[in-house]
Amino acid sequence: DSLRADSLSFSGHPEAETPNLDKVANRSSVFLNHYAQAPVCGPSRNSFWTGRYPHSNGSLNNLAGLGAHERTFVEMISENGYDCTSFGANHLQPEPSGFSKIVASRGKHPESSYKRYLDDQDLRQDPETIEDGDWPASPPHGTIAGDMKYQQDSYATKRAVDYIKNKSASPFFLYLGLKNPHPPYACDQKHYDIYKDKQLAVNDFKDPEKHLHPKLLERYNAANYKSLTRKDIQNIKSLYLGMISFVDEQVGRIMQVLEETGLDDNTHLVFTSDHADFCGDLNLFGKTDLPIKHLTHVPLLWKAPQGTANTIQDFTENIDLAPAFLELAGIEAPYYIEGRNLFNSTRNWAFSESADGHFNDRTQRYDKGAYYASYIDAEWHYIHATLPGHCALYHVSDDPLCHYNVIDENRSLATEIQTKLFNHIMSGTVPIQDNSVSSWKEYHEGAGIALEVWE
């Protein structure tokens with residue numbers, strides 16, 4: 001959760017220490033231009049589960065879950081003989097969506113297995129409680145007094161390891177949802193010490209009040225990021241990287257048990273993220289609803305049995321994982337899945353979207369507020385918005401950090417990309433249909449007719 005594509009050693013980060021993921025990458029297809037469908041958790045994961053865009057499956061922000069008629073690829077492979085189990089955070093709305101067992105998906109819920117585990121350890125304080133400190137801006141950050149072995153990612157990994165150790169011969173799909181490095185930026189002293197004395201790079205951004213996107217400027221002012229010094233930014237980045245090193249250790253635990261049980265020779269391992277984090281870029285931290293590159297470019301490793309290193313430059317999206325999983329399970333992807341098997345992808349640009357949500361007391365539902373849609377290719381990054389003054393165009397081949405909105409100087413290009421974006425949205429939405437009458441021919445032959453009421 002919140003893991004940037006460029007925050008790992010194998011992806012080129014000069015300071016990151018991620019030896020286990022490096023080992024996985026050396027045997028994996030590494031997708032260099034992989035993008036999440038949304039810059040926040042819920043919509044991104046629900047697109048992953050369904051293989052469908054947020055504007056199709058109904059989950060456009062963290063407040064809105066999937067429509068009841070939506071089906072996940074997990075449901076489809078479970079019907080095909082796979083034992084499907086979820087450990088950690090999955091953000092599924094609603095559950096169980098094909099899983100036969102779900103462990104600690106809501107870590108702080110009073111009835112969750114993780115909460116009972118903490119009670120059994122006689123831990124009265126949340127393991128993520130940050131030691132007393134004075135931070136000048138939100139979100140909170142700092143070291144924790146407790147041991148990371150009690151953190152929910154460690155617990156979820158332990159449960160996943162135990163499951164693998166006791167696995168029967170039946171095929172399985174195991175999902176392990178790690179929370180880190182999601183804010184608050186909190187890790188133990190041991191992982192923080194790996195980075196605290198390093199001179200971590202800070203990407204200088206001049207005059208954010210003038211150049212920040214309007215939505216980001218709201219966040220910049222509300223969180224008081226103006227007060228952060230270069231040392232503050234380096235400190236939070238050290239905590240963020242420390243949390244990533246902790247995540248890397250959990251990956252190592254999974255790799256070890258797969259090797260010890262011999263399952264490594266017959267198991268695919270996929271590692272990705274639901275969205276990223278500003279982590280100091282544009283003088284910001286955390287996330288927001290804007291589908292900007294900093295929040296949607298995520299890592300993707302796919303290690304096949306006996307896999308070898310391979311880098312893939314084509315643009316891929318998180319909805320492209322569902323059809324790839326289905327094909328592996330011997331299932332033809334249904335017509336309404338919008339993703340493409342990422343190993344057969346021919347994309348030359350990626351799409352992301354999100355919306356602000358507002359609760360409607362009358363309908364007891366969340367209405368879509370401002371809507372944002374993102375187009376990104378190797379040269380340009382365009383963000384369309386329904387709010388006046390919120391559309392933006394960044395020349396990412398020259399300005400990879402999106403410091404300068406150049407839409408005013410490139411109006412004709414922005415219009416051209418906007419048309420491409422609109423065509424994609426309007427032509428790509430494939431609703432799930434009622435299959436009780438699957439064809440016009442069957443309709444004419446009387447299939448599905450309730451004869452007792454038909455006249």
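Some ground rules first. Residues are numbered from 1 along each chain as its sequence is written, and side-chain values use heavy atoms, with hydrogens and water left out. Because the model is predicted, local features need pLDDT of at least 70 and side-chain atom pairs count only at pLDDT 80 or more, while totals for chains, interfaces and linings use all residues.

I start with the interior. A nonpolar core here is a set of buried Ala, Val, Leu, Ile, Met, Phe, Trp, Tyr and Cys residues joined through side-chain atoms within 4.5 Å. Buried means under 20% relative accessible area, exposed over 50%, and partly exposed in between, with a 1.4 Å probe and protein chains only. The largest nonpolar core has 70 residues, and the members touching the most others are Leu-216, Phe-271, Leu-282, Leu-284 and Ile-292. Its main contributor is helix α10, residues 230-261, which gives 14 residues. Helices (H or I, at least four residues) and strands (E, at least two) are DSSP runs, numbered from the N terminus.

Take Leu-284. Leaving aside neighbours within four places in sequence, Leu-284 is in contact (heavy atoms within 4.5 Å) with Leu-212, Leu-216, Tyr-220, Tyr-225, Phe-278 and Cys-279. Another core, of 26 residues, lies apart from the largest one and includes Phe-173, Phe-325, Leu-326 and Ile-331.

Next, helix α2, residues 41-50. Ten of its ten residues are buried, so the helix is largely enclosed by the rest of the structure. Among the elements covering those buried residues are α3 (54-57), α4 (73-78), β5 (172-177) and α12 (321-328). Just after α2, Gly-51 takes a positive phi of about 70°.

Cys-41 belongs to α2, which brings me to the cysteines. Cys-41 is buried at 3% relative accessibility, and Cys-402 is buried at 3%.

Now the charges. A salt bridge is a side-chain nitrogen of Lys or Arg within 4 Å of a carboxyl oxygen of Asp or Glu, and the count by this rule is 21. One of them joins Lys-23 and Glu-259, at 3.6 Å from N to O. Lys-23 sits in helix α1 (residues 19-25) and Glu-259 in helix α10, so this pair ties together parts 236 residues apart in sequence. Lys-23 is partly exposed at 44%, as is Glu-259 at 36%.

Lys-215 and Asp-356 form another, with the closest N and O atoms 3.3 Å apart. Helix α9 (residues 214-222) holds Lys-215 and strand β10 (residues 350-360) holds Asp-356, so the parts tied together are 141 residues apart in sequence. Here both residues are buried. Asp-1, Arg-45 and Asp-274 are linked in a network of salt bridges; Arg-45 is one of the buried residues of α2.

Last, the surface. Leu-63, Phe-359 and Tyr-366 form a nonpolar patch with about 270 Å² of accessible area together. Patches are made of residues with over 30% relative accessible area and no salt bridge, with like charges joined within 9 Å and nonpolar side chains (Val, Leu, Ile, Met, Phe, Trp, Tyr) within 5 Å. Areas come from the Shrake-Rupley method with a 1.4 Å probe, and for residues only the protein chains shown count as cover. Tyr-366 is found in strand β11, residues 365-376, and is partly exposed at 36%.
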